[in-house]
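Thanks for coming. I will go through one model this morning, strand pairing to begin with, then the metal site, the salt bridges and a few loop residues. Please have the structure open while I talk.

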Amino acid sequence: MNKNNCPNCDEEMKKGYIQSGTRLAWVPKVSKLSVEPSLSKGSVLLSKQNRFSINYVDAYLCESCKKVIIDYSGNED
Ligand SMILES: [Zn+2]
């Protein structure tokens with residue numbers, strides 16, 4: 001499979017980023033106690049962080065399917 005093609009429709013996806021002021025994570029459950037996602041068991045940190053609290057992650061957009069694919073393989077430091 002071509003990395004830049006949509007796994008759903010196989011159209012070419014647009015490379016970009018999802019940017020946030022807080023860290024980005026996939027979490028099994030939304031925390032109601034904190035704005036920042038908790039990195040408890042089962043959660044996956046997605047964002048890289050630089051100074052000025054800019055968090056971002058590489059993301060590919062499919063305009064046909066209205067889906068965003070996040071590749072977090074480069075985030076394990
Ligand atoms: Zn698609």
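**Strands and pairing**

Gly16 stands opposite Ala59 in S5. Before going further, some ground rules: this is a predicted model, where local features need pLDDT of at least 70 and side-chain atom pairs count only at pLDDT 80 or more, while totals for chains, interfaces and linings use all residues. Residues are numbered from 1 along each chain as its sequence is written, and side-chain values use heavy atoms, with hydrogens and water left out.

Back to the strands. Strand S1, residues 14–20, pairs with S5 in the antiparallel sense, over seven bridges. Strands here are DSSP runs of type E with at least two residues, numbered from the N terminus, and two strands pair if DSSP finds at least two bridges between them.

On to the partner that follows in sequence. S5, residues 54–62, also runs antiparallel to strand S6, residues 67–70, and four bridges join them.

**The zinc site**

Which residues coordinate the zinc ion? They are Cys6, Cys9, Cys62 and Cys65, each through SG, at 2.3 Å. Donors are N, O and S atoms within 2.8 Å of the metal (3.2 Å for Na, K and Ca), and water is not among the atoms, so sites may look incomplete.

The spacing of the donor residues in sequence is C-x2-C-x52-C-x2-C. The angles among the four donor atoms are 105 to 116°, and the site is tetrahedral. For four donors, that label requires all angles to lie between 85 and 135 degrees; four count as square planar and six as octahedral if opposite donors are over 155 degrees apart and all others between 65 and 115, and anything else is irregular. For reference, the ideal angle for four tetrahedral donors is 109.5 degrees.

Buried means under 20% relative accessible area, exposed means over 50%, and partly exposed is in between, using a 1.4 Å probe and protein chains only.

**Salt bridges**

How many salt bridges does the structure hold? There are four, a salt bridge being a side-chain nitrogen of Lys or Arg within 4 Å of a carboxyl oxygen of Asp or Glu.

One of them joins the side chains of Glu63 and Lys14, at 3.2 Å from N to O. Glu63 lies in the loop between S5 and S6 and Lys14 in strand S1, so this pair ties together parts 49 residues apart in sequence.

Another is formed by Asp58 and Lys15, with the closest N and O atoms 4.0 Å apart. Asp58 is in strand S5 and Lys15 in strand S1, so the parts tied together are 43 residues apart in sequence. Lys15 is partly exposed, at 47% relative accessibility.

Then there is Glu36 with Arg23, whose closest N and O atoms are 3.5 Å apart. Glu36 sits in the loop between S2 and S3 and Arg23 in the loop between S1 and S2, so the pair connects parts 13 residues apart in sequence. Glu36 is partly exposed, with a relative accessible area of 30%, and Arg23 is partly exposed with a value of 30%. Salt bridges that share partners also join Lys15, Lys48 and Asp58 into one network.

Ser43 is in the loop between strand S2 (25–26) and strand S3 (44–45), and counts as buried at 17% relative accessibility. A polar atom of the Ser43 side chain lies 2.7 Å from the backbone oxygen of Ser40. Leaving aside neighbours within four places in sequence, Ser43 is in contact (heavy atoms within 4.5 Å) with Trp26, Val27, Pro28 and Ser38.

Ser40 is also placed in the loop between S2 and S3, and is partly exposed at 41%.

Last, Asp71. This residue is in the segment after S6 and is partly exposed, at 28% relative accessibility. The Asp71 side chain makes a polar contact with the side chain of Ser73, at 2.8 Å. A polar contact is a pair of N or O atoms within 3.5 Å; within protein, one must be able to donate a hydrogen and the other to accept it, and residues adjacent in sequence count only if both atoms are side-chain atoms.
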